[in-house]
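Please read them with the structure open beside you.

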Amino acid sequence: MHHLDIRDLSSAYGSQQILKGVTLSADKGEVVSLIGPSGSGKSTLLRVLIGLTPPTGGDVRIAGETVNYANRKSVRALRDRMSIVFQQYNLFQNMTVLRNVTIAPVKIRKRDKDEVHTQARALLTKVGMAEKEDAYPDQLSGGQQQRVAIARALALNPEILLLDEVTSALDPERVNEVLDTIRSLTREGITMIIVSHEMAFVKEVSTRVVMMDDGQIVEEGPPEQIFDNPQKQRTRDYVGTILRH
Ligand SMILES: Nc1ncnc2c1ncn2[C@@H]1O[C@H](COP(=O)(O)OP(=O)(O)O)[C@@H](O)[C@H]1O
Ligand SMILES: [Mg+2]
């Protein structure tokens with residue numbers, strides 16, 4: 001049984017079909033990266049997975065359990081297992097770093113406050129932000145804020161982590177610190193679905209790379225296949241273009 005099993009998933013905005021039957025699986029601890037041109041549906045796929053955009057067909061199973069996206073309780077249970085980090089880190093501006101990380105586990109999950117704080121400090125250490133626990137977001141660089149956002153997502157103890165272009169809004173010199181953080185997470189057995197334009201990074205950390213175009217999967221395979229020996233012309237064209245830049 002796959003950890004995450006997506007079958008024939010479709011989604012639409014109004015009458016415009018966006019995802020056109022995506023079938024994809026990930027085993028526990030796998031790092032699956034989605035690449036493909038802007039508008040190909042990568043973000044939509046992640047949004048459907050986490051229950052922000054309703055699917056119009058197909059199904060998603062986590063460890064064999066089908067998610068019912070029409071049911072609030074099922075979506076809540078899903079979010080106990082899956083977290084997402086976006087390009088725009090969206091930290092709560094009026095809260096310290098520590099409170100940003102602890103608020104959901106304490107207020108929503110009703111977990112023990114001391115235990116949550118201990119874990120939050122460990123996570124902030126892991127992302128290299130321990131010294132900043134009392135800082136407010138506007139006192140931090142974009143890269144630092146994004147690392148806090150990652151710690152905040154991890155404080156929910158996700159089995160599956162979705163990362164949507166988390167370095168795209170950062171100054172170039174801040175990209176590596178965030179990639180280093182993600183790199184360390186890939187060794188911890190969290191199943192990850194990553195959307196990123198950092199191709200060297202994608203090639204290095206992914207167990208599998210998925211090429212998307214026009215709401216569909218064009219090709220998937222190990223990074224060596226996708227980047228060095230693509231089997232489809234569309235993949236060859238896309239990879240050729242981005243690697244030339
Ligand atoms: N909220 C929305 N309303 C209408 N169309 C949308 C919305 N979000 C995305 N789209 C459209 O869905 C398609 C896929 O977008 P997206 O999933 O963001 O692609 P990607 O992340 O691969 O760039 C695009 O054509 C985009 O214009
Ligand atoms: Mg996107």
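**Notes on the sheet and the ligand site**

1. In strand 8, I193 is the bridge partner of L162. This is a predicted model, in which local features need pLDDT of at least 70 and side-chain atom pairs count only at pLDDT 80 or more, while totals for chains, interfaces and linings use all residues. Residues are numbered from 1 along each chain as its sequence is written, chains are lettered from A and ligands numbered from 1 in the order in which they are written, and side-chain values use heavy atoms, leaving out hydrogens and water.

2. Strand 7 (residues 160–164) and strand 8 (residues 191–195) pair in the parallel sense over 5 bridges, where pairing requires at least two DSSP bridges between two strands and strands are DSSP runs (E, at least two residues), numbered from the N terminus, as are helices (H or I, at least four).

3. The open sheet has 6 strands in the order 6-7-8-3-9-10, with mixed pairing; strand 6 (82–85) and strand 10 (216–221) are its edges, each pairing on one side only.

4. Helix 9 (residues 233–244) lies across strand 3 (31–35), strand 9 (208–213) and strand 10, at about 100° to strand 9, the angle being taken between N-to-C directions on a scale from 0 to 180 degrees, with axes fitted to C-alpha atoms, for helices over the stretch in contact (heavy atoms within 4.5 Å).

5. Around ligand 1 (a heavy atom within 4 Å) are residues including Y13, K42 and T44. Helix 1 (residues 42–50) gives the largest share of this shell, 3 residues.
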